[in-house]
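I'd like to walk you through one model, so let's get it on the screen.

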Amino acid sequence: MAILQILLALRCIIDIGFHYNGLNAKDALDLLDKWAWVTGNFARKEITRYQSAQGATLTYLVGQTEFLEARKYAEEKLGSSFSVPEIHYRMLHQGDVSLQHMKSYVKRYVDCVMDDTTEGCYELIGGEKNS
């Protein structure tokens with residue numbers, strides 16, 4: 001898991017470096033090699049991706065953080081009723097939505113799991129569980 005965190009940090013550094021600090025491809029490759037031991041074709045593809053998609057790494061990081069916070073909220077509220085596969089199914093089933101929509105959906109889902117008699121909950125959770 002630590003290597004994934006190192007890669008994510010390097011991706012952010014490289015993304016910002018390319019688009020705001022004048023980082024070049026060779027220096028970016030050297031960073032990947034030195035800190036994450038990533039070389040060869042994989043490293044070159046990573047560099048190409050960062051060069052062509054300004055801010056993509058930071059966008060991913062923000063989305064990942066929000067996703068994990070929403071999941072943690074559901075886990076804390078639902079306790080023993082919480083299911084990782086179920087909440088992931090519910091969140092990903094929403095498709096390409098804003099982070100605000102995802103967070104409000106998770107809150108509504110949690111409310112319905114806690115009290116399925118609330119208006120609209122049948123439509124939200126009735127018969128669609130990923131069991």
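Predicted model: local features only at pLDDT ≥ 70, side-chain atom pairs only at ≥ 80, totals over all residues.

A quick definition first: I'll call a residue buried under 20% relative accessible area, exposed over 50%, and partly exposed in between, using a 1.4 Å probe and protein chains only. Numbering runs from 1 along each chain as its sequence is written, and side-chain values use heavy atoms, with hydrogens and water left out.

So, R90: buried or exposed? With a relative accessible area of 1%, R90 is buried. R90 lies in helix α5, residues 84–93; helices here are DSSP runs of H or I, at least four residues, numbered from the N terminus. And what does the side chain of R90 make a polar contact with? That's the side chain of E86, at 2.7 Å. By polar contact I mean a pair of N or O atoms within 3.5 Å; within protein, one must be able to donate a hydrogen and the other to accept it, and residues adjacent in sequence count only if both atoms are side-chain atoms.

Staying with α5, let's look at its packing. The α4 and α5 axes come within 11 Å and cross at roughly 130°. Axes are lines fitted to C-alpha atoms, for helices over the stretch in contact, and angles run from 0 to 180 degrees between N-to-C directions. The two helices are therefore oblique to each other, the class left over once you take out under 35 degrees as roughly parallel, over 145 as roughly antiparallel and 65 to 115 as roughly perpendicular. On the α4 side, the contact is made by F67, A70, R71 and A74, and on the α5 side by V84, I87, H88, M91 and L92; contact means heavy atoms within 4.5 Å.

Next, the cores. A nonpolar core is a set of buried Ala, Val, Leu, Ile, Met, Phe, Trp, Tyr and Cys residues joined through side-chain atoms within 4.5 Å. The largest one has 16 residues, and A74, I87 and M91 are among those with the most contacts inside it. At least two residues each come from α4, α5, α6 and α7, with α6 giving the largest share, 6 residues. There's also a second, separate core of 11 residues, including F18 and A28.
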